[in-house]
Amino acid sequence: MLRKQSKWMLRIMAIATTGALLITTPSALANTLDDLKNEQKQLEQKKNSIDSNIKDTEGKIDQNVSKIDQIMAQIKELDTKIISTESQIAEVLNQIKLTTTEIEKLHASIKELERKIEERDELLKERIRAVQVSGGSVSYLDVLLGANSFIDFIDRFSAVNTLMDADRTILKEQADDKAQLEEQQASLEKKLQQQEDSKNELVSLKASLDTQKASKGNLVDQLEVEQAKLHEEKEVLETEYDEILNLSQETQNKIVAEQKRIAEIARKAAEEKKRKEAEERKRQQAASGGSSSAIPNVSAGSWTRPASGRFTSGYGSRTHPIHGVVKTHYGIDIANSTGTPVVSAADGVVSYASPLSTYGNVIMVTHSIDGQIFTSLYAHLSSIKVSKGQVVSKGQIIGGIGTTGNSTGPHLHFEIHLGNWEGMAKNSVNPLRYISL
């Protein structure tokens, strides 16, 4: 469609240029047949030159489209790696948490064993001191031989056996506890080493994630350069995006003021930990009729994909499907059936939730991430499940895919803006810099 449209527009330009040449040609001054033939020859040469330029431009367009497809394939491959690395980081963090709990339990157990051993040592020392006080020469045999009668011997024999059993029990318990202490101390050292290894792995994974995100950023930069070239080679003046908002200045000023107010709420909400995200997600899945397959998997990083479905249109210059002219597309499109769940791309606060001009039903969410304010926008929704001022979590269902407003079919139009939303063209960025497809 893009190639056919480009060819059509270029041929229109060629016809217009040829017509202009015919109008400005001084045929009225041609008095001889030779003059007319020369004029016709010149027109034919210029027409051939225009045709040649059209073919050259079409070739450049084909090359750029191919290069853009290659870059998009690389971006998707990096997205897969980023999602995998973020999952590995989450797994290592969980392992560190479990190991920390085990280390704390071992510390407590070791402390209890040391207390028992110390108390038993004191008991044994008391028994030794008692023997020394009695002269140190009395043995169990002396006690038995000192019996006055057979009954006294039996009593003394029973008492000696009891003392001997007690001594053996104390010594055995002491030996067992010391062995267990050594075993737990060795286990503690092993757990501490595992903890250190996990922390080193976490550092390596985070470095790898930073590298992957930097590589993706470079690819997005290349993608935008190629899109800019494609736009220039079409030689079509860029016009306003067809979904430009017909808002009065007063209405837009009110939205901007509300965005600033919500931004402060978003900062505070970002500082609070979400304790029931898993329960909330299960509840949302049940509310959507159990269609969990339509809900995108939540990524481990700050951002996640806002809806499942087919990626149909990227950020930047494109031929509009309704009007057939080249416009700037300030977001990305994800196509799926009407009612497919749309989720918040990050933790934040709902700053707008109503119909908005050709956007149709719109939700805006204000986010505070690492001290930076972002605003995400979700358009053409079939339903709105949140209200302005509501705190939402990353991955929480906020609406459903639809085709309200200026739309050719059910899809989600998704935008990200640096700072507050102040109109579609201002401070918009390519969402592919933050979310993974």
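These legends go with a set of close-up views of one predicted model.

View 1. Residues are numbered from 1 along each chain as its sequence is written. Since you're looking at a predicted model, local features need pLDDT of at least 70 and side-chain atom pairs count only at pLDDT 80 or more, while totals for chains, interfaces and linings use all residues, and side-chain values use heavy atoms, with hydrogens and water left out. As for pLDDT, that's the predictor's confidence in each residue, from 0 to 100. Its mean over the protein is 74, and 63% of the residues get to 70 or more. Where pLDDT is low, the predicted coordinates should not be read in detail.

**View 2. The protein in outline.** What is the chain built from? Six helices and 13 strands; helices (H or I, at least four residues) and strands (E, at least two) are DSSP runs, numbered from the N terminus. Of the 437 residues, 39% are buried, where buried means under 20% relative accessible area, exposed means over 50%, and partly exposed is in between (1.4 Å probe, protein chains only). The accessible surface comes to about 24,800 Å², with 53% of that belonging to carbon and sulfur atoms; the areas come from the Shrake-Rupley method with a 1.4 Å probe, and for residues only the protein chains shown count as cover. Take the contacts between residues at least 6 apart in sequence, and 70% of them join residues at least 24 apart.

**View 3. Strand β12 and its partners.** β12 covers residues 411-418, and seven of its eight residues are buried. Two strands count as paired if DSSP finds at least two bridges between them. Strand β4 (residues 332-335) runs antiparallel to β12, joined by four bridges, and I332 has F414 in β12 as its bridge partner. Strand β8 (residues 372-381) also pairs with β12 in the antiparallel sense, over six bridges. Then there's β13 (residues 428-429), antiparallel to β12 over two bridges. Zoom in on H417 of β12: T375 is bridged to H417, and H417 in turn has S428 in β13 as a bridge partner. Strands of a sheet pair through backbone hydrogen bonds, either parallel or antiparallel.

**View 4. A three-strand open sheet.** The strand order here is β5-β11-β9, and the pairing is antiparallel. Which strands sit at the edges? β5 (341-343) and β9 (383-384), each pairing on one side only. β9 is joined to β11 (residues 397-400) by two bridges, and I384 stands opposite G399 in β11.

View 5. The structure holds six salt bridges, each one a side-chain nitrogen of Lys or Arg within 4 Å of a carboxyl oxygen of Asp or Glu. E112, R115 and E119 are linked in a network of them. The E112 and R115 side chains meet at 2.5 Å, N to O, and both residues lie in helix α2 (residues 33-133), three residues apart, about one turn of the helix. R115 also meets E119, this time at 2.6 Å, N to O. R115 and E119 are about one helical turn apart because four residues separate them in helix α2. How covered are these side chains? E112 is partly exposed at 34% relative accessibility, R115 is partly exposed at 35%, and E119 is partly exposed at 47%. Side chains of opposite charge can pair when their charged atoms come close.

**View 6. A salt bridge between D221 and R433.** The closest N and O atoms of D221 and R433 are 2.5 Å apart. D221 counts as partly exposed, at 36% relative accessibility. R433 is partly exposed too, with a relative accessible area of 32%.

Note on methods: Contact = heavy atoms within 4.5 Å.
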